[in-house]
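The following note sets out some points for discussion on the model shown below. Please read them alongside the coordinates.

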Amino acid sequence: MSGGSAMGSADLGLLRQCEEVLNAIEAADDVESVVAAMRAHAGSARVQEVACGALRHLTGADAENRIRAGTVGAVEAVAAAMRAHAGNAGVQEAAGAALFSLRNMVTNAENRTRAVTAGAVEAVAAAMR
């Protein structure tokens with residue numbers, strides 16, 4: 001008997017599925033797809049981390065994407081990721097960077113309300129503790 005454990009076919013299938021999701025997020029060129037992936041895979045810290053990085057990339061220098069991100073619930077998705085994965089430093093760092101990238105959203109009253117309602121400020125404060 002071998003000292004290591006073999007992965008079952010179900011485990012390999014799940015691993016392939018996760019890799020496909022991560023590749024799709026990294027290749028996404030629209031905030032809607034990224035936010036949808038965050039919602040669909042809320043329990044996966046790795047998906048949340050990669051998705052937050054994608055949001056940061058997509059919204060950093062693109063005001064239109066920042067507005068769309070607010071409309072499709074990016075702030076809420078990022079805040080939810082921070083709360084769900086409070087103990088994961090990678091998620092916290094990527095989410096903080098995403099919120100920083102989305103910072104111009106705060107000048108919009110509607111998006112400011114979204115950020116407050118989603119608990120984004122509290123999530124950042126908790127991550128800093």
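1. The model is predicted. Its largest nonpolar core comprises 29 residues, and the members with the most contacts inside this core are Ile25, Val34, Met38, Cys52, Leu55, Ala74 and Val78. Helices α2, α3 (45–59), α5 (74–84) and α6 (89–101) each contribute at least two residues to the core. In soluble globular proteins, nonpolar side chains tend to be buried together.

2. With neighbours within four places in sequence set aside, Val78 is in contact with Met38, Cys52, Leu55, Ala95, Ala98 and Leu99.

3. As to overall architecture, the protein contains 8 helices and 0 strands, and the order along the sequence is α-α-α-α-α-α-α-α. Of the contacts between residues at least 6 apart in sequence, 68% join residues at least 24 apart.

4. The axes of α2 (residues 31–40) and α4 (residues 63–72) come within 9 Å and cross at roughly 35°; the crossing is right-handed. On the α2 side the contact is made by Val31, Glu32, Val35 and Arg39, and on the α4 side by Asn65, Arg68, Ala69 and Val72. Classified by residue type, the contact of α2 with α4 has 4 nonpolar, 1 polar and 3 charged residues.

5. Regarding burial and surface, 36% of the 129 residues in the protein are buried. The protein exposes about 7400 Å², of which carbon and sulfur atoms supply 56%.

Definitions and conventions. Residues are numbered from 1 along each chain as its sequence is written. This is a predicted model: local features need pLDDT of at least 70, side-chain atom pairs count only at pLDDT 80 or more; totals for chains, interfaces and linings use all residues. Side-chain values use heavy atoms; hydrogens and water are left out. Axes are lines fitted to C-alpha atoms, for helices over the stretch in contact, and angles run from 0 to 180 degrees between N-to-C directions. Helices (H or I, at least four residues) and strands (E, at least two) are DSSP runs, numbered from the N terminus. A crossing is left-handed if the near helix is turned anticlockwise from the far one by less than a right angle, and right-handed if clockwise. Contact means heavy atoms within 4.5 Å. Ala, Val, Leu, Ile, Met, Phe, Trp, Tyr, Cys and Pro count as nonpolar, Asp, Glu, Lys and Arg as charged, and the others, Gly among them, as polar. A nonpolar core is a set of buried Ala, Val, Leu, Ile, Met, Phe, Trp, Tyr and Cys residues joined through side-chain atoms within 4.5 Å. Buried means under 20% relative accessible area, exposed over 50%, partly exposed in between (1.4 Å probe, protein chains only). Accessible areas come from the Shrake-Rupley method with a 1.4 Å probe; for residues, only the protein chains shown count as cover.
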